[in-house]
Amino acid sequence: MHHHIQLPAGKRVYFASDFHLGAPDMVRSRDRERKIVAWLNEVSKDAGHIFLVGDIFDFWFEYKEVIPKGYTRLLGKLAELRDNGIGISVFIGNHDMWMNGYFEDELDIPVYYEPQTYDIAGKQFYIGHGDGLGPGDHGYKMLKKVFRNPVCRWLFSLIHPSWGIGLANYFSRKSRTATGGEHEEKFLGEENEWLAVYSKDILKTTHYDYFIYGHRHLPLDLEVGPNSHYINLGDWLRYFTYAEFDGTTTTLKYVNQESRAK
């Protein structure tokens, strides 16, 4: 689906991903959550729209009447921003793919399971978390199909939340992506960056000014074609990065320079 977003004069669009709230433990997660809420407070001064591009949570599963404990500050802030008329869009990632209506019903925030395209102030955007896109990684692509299968989801829902969420959190925290492992943070060369390759393939038939992804945990801004950039949003485990579109240009930014130096 191709979406159109009007951007009033003086307003900006913000993109962030890979907060991984819940990892590596609730104490450090809560400190990170406060930083995220502070950032949302700051950008809300001129935000026309905010995109959260996957892995907001290190694990998320919605039972019929239960959601994971915690994240009160973030959820409350998102509700407040929506009540104040700021548009917000959420994309699921590989860690929080089991959303099931809570964001839509409670927060009035649409949730997307696949990449979406947008016309924003005349610029063309292709936006998605990035997991399972591009060449290779066939094992994960198969695993993703299993996790997204309604029967598998129903079977997991039969486990008591205390056991199910606890077990899933354990495995999420063990994963390399959740902890920002060394492999995830090395630039592999443009020809080996699978999301750059994927974007270039799309450009063979359709032009986009910006491809916006998360998942990679490495802030990147690569020119993948004439007047076309692939921007990876990094993460909030180490980099504290986001992207800002001012109506003309999209720029990758760091919350503070100190984070960039780490």
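## A first look at this model

Let's start with Ser89, which sits in strand β4, the stretch covering residues 87-91. Keep in mind that this is a predicted model. Across the whole structure, a search turns up 22 aromatic pairs, and there are eleven salt bridges as well.

- Ser89 has a relative accessibility of 3%, so it counts as buried.
- Setting aside neighbours within four places in sequence, Ser89 touches a run of residues from His49 and Ile50 to Phe51 and Leu52, plus Ile109, Pro110, Tyr112 and Tyr118.
- Phe103 belongs to helix α3, which spans residues 102-107.
- Phe103 and Leu78 are 25 residues apart in sequence, and their C-alpha atoms are 9.6 Å apart in space.
- Leu78 is also one of the contacts of Phe103 once neighbours within four places in sequence are left out; others include Phe57, Trp60, Leu75, Val90 and Val111.
- Ile109 turns up in the contacts of Ser89, and Ile109 is in contact with Phe103 as well.

**Aromatic rings**

- One aromatic cluster brings together Tyr14, Phe19, Trp39, Trp236, Phe240 and Tyr242.

- As a bit of background, side chains of opposite charge can pair when their charged atoms come close.
- Arg12 and Glu244 pair up through their side chains, with 2.4 Å from N to O. Arg12 is in strand β2 (residues 12-16) and Glu244 is in strand β11 (residues 241-245), so this bridge ties together parts that lie 232 residues apart in sequence.
- Arg12 is partly exposed at 27% relative accessibility, whereas Glu244 is buried at 8%.
- Lys35 and Asp31 form another bridge, at 3.7 Å from N to O. Both are in helix α1 (residues 26-43), four residues apart, so about one helical turn separates them.
- Lys35 is partly exposed, with a relative accessible area of 41%, and Asp31 is partly exposed at 39%.
- Glu42 bridges to Lys45, where the closest N and O atoms are 3.1 Å apart. Glu42 is partly exposed at 48%, while Lys45 counts as exposed at 61%.
- Some bridges share partners: Arg12, Asp46, Glu244 and Lys253 are joined into one network this way.

Methods: Residues are numbered from 1 along each chain as its sequence is written. This is a predicted model: local features need pLDDT of at least 70, side-chain atom pairs count only at pLDDT 80 or more; totals for chains, interfaces and linings use all residues. Side-chain values use heavy atoms; hydrogens and water are left out. Helices (H or I, at least four residues) and strands (E, at least two) are DSSP runs, numbered from the N terminus. Buried means under 20% relative accessible area, exposed over 50%, partly exposed in between (1.4 Å probe, protein chains only). Contact means heavy atoms within 4.5 Å. Rings of Phe, Tyr and Trp (its six-membered ring) pair if their centres lie within 6.5 Å; planes under 30 degrees apart count as stacked, over 60 as edge-to-face and the rest as tilted. A salt bridge is a side-chain nitrogen of Lys or Arg within 4 Å of a carboxyl oxygen of Asp or Glu.
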